[in-house]
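Subject: Handing over the structure

Hi,

Here's the structure I said I'd pass on to you. Have a look at it first, then read my notes below.

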Amino acid sequence: MNALLARSTPPQTARLALLGTGTVGTAFVTRYQALRAGGAHLPALQWLANSRTTLACTADPAESLEQVRSAPQRIVGALPWSHAETLRAGDVVVDATASDLVAAEHAPWVARGVHVVTANKLGQGAQLERAQQIHRGCTDTGAVYGDSATVGAGLPLLSSLRALVEGGDRIHRIEGVLSGSLAWLFNRYDGRQPFSVAVREAVAAGYTEPDPREDLSGEDVRRKLLILARACGLAMDASQVQVTSLVPAGLAALSSAEALAQLQLLDAGIHARWRQAEDAGRRLRFIGCIERGTAQVGLQALAVDHPLALGAGTDNRVAIHSDRYREQPLLIQGPGAGAEVTAAALLDDVLRIARTSIGGGR
């Protein structure tokens, strides 16, 4: 992917590259076209890329999207984006993938002045060194790292945390329902049907990662907690987040395809937890919490009137406790999953970059 990067090209008219043509990438193109038709000043969509190919977007973006999506499987070992034109300072890359290979390029991109907008949590939510390199690159070059789609699907969560910290507030605890897919599952599950039925519905609706075990294992929430912690200035490593997975060992050992066929392995354990909570008049919620430099992720049985037990659908609900919000936490709530809200968050970041960094993309 480094072949995309120009080493000494001065900033020119900004261009846009979209990596990832799945449900989020497709929703991004649809919304991009609608905004452009409405007069929004967005950079020209120059390339579309997925794990199979890269295509220069010379025709209607929707037509180009279909061509990329129908491309044959690439040769193993070949980089599908290696034949694209070079990216240069001021261009914008939108990462709508869940690829670690793509996330590994975020720091090199921003270090050369390329703006990155991402729904991929593996940039800021994986290795601490990678997150620190991204921060240094942005500081050195002025490149923007738009990450509002990584946690809360565009809710004003990261921006609120950063504003509080920049204003001198001290954050004591952040806790919340951070997975839209798990919020939906535990809002829906009532013990009448197997839990695995609800999981399959969530997969079909696009609420989960392609492999729902990413959500059920708590790894997705781990990454989001790391992003939140680092937004507060905490140099937290993944090993400092204690995660209690919902995935039994037998299911965790299967391939992705096998796991989708064996989701019923979830049912007995989840039903037992649900029955115990129901008998106590409580509600199950999958919670992530950061406090005093430590973090935990797992299923909790909350009182029915607990702030984090409320909400509906895919709602994320996050409580921020700080010096400013000591007696009563700041609550931020809204939809936390779905291709449309994620694509909207990505485009919001692109629009902000266009307005403040690249003159509206003109």
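Let's start with Arg 292, which is exposed at a relative accessible area of 74% (exposed is over 50%, buried under 20% and partly exposed in between, with a 1.4 Å probe and protein chains only). Before I go on: this is a predicted model, so local features need pLDDT of at least 70 and side-chain atom pairs count only at pLDDT 80 or more, while totals for chains, interfaces and linings use all residues. Residues are numbered from 1 along each chain as its sequence is written, and side-chain values use heavy atoms, with hydrogens and water left out.

Back to Arg 292: its phi is positive, about 55°, although it is not a glycine. You'll find Arg 292 in the loop between E9 and E10 (helices are DSSP runs of H or I with at least four residues, strands are runs of E with at least two, and both are numbered from the N terminus). Ala 153 isn't a glycine either, yet has a positive phi of about 50°. Ala 153 sits in the loop between strand E6 (145-146) and helix H6 (158-166), and counts as buried at 11% relative accessibility.

Now the sheet. Six strands form an open sheet with mixed pairing, in the order E8-E10-E9-E7-E11-E12 (two strands pair if DSSP finds at least two bridges between them). Strands E8 (241-243) and E12 (330-335) are at the edges with a single partner strand each, so one side of each has no neighbour in the sheet. From one strand to the next, the twist averages 25° (axes are lines fitted to C-alpha atoms, for helices over the stretch in contact, and angles run from 0 to 180 degrees between N-to-C directions). E7 (residues 171-177) and E11 (residues 315-322) run antiparallel, joined by six bridges; Glu 175 has Ala 319 in E11 as its bridge partner.

Two helices pack on this sheet. H7 (residues 180-188) touches E7, E9, E10 and E11, and its direction makes about 160° with that of E9 (contact means heavy atoms within 4.5 Å). H10 (residues 219-231) touches E7, E8, E9 and E10, at about 40° to the direction of E9.

Lastly, helix H1 (residues 23-37). Its buried residues include Phe 28 and Tyr 32, and the buried residues of H1 pack against elements including strand E1 (15-19) and helix H14 (339-356). After H1 comes Gly 39, with a positive phi near 100°.

Cheers
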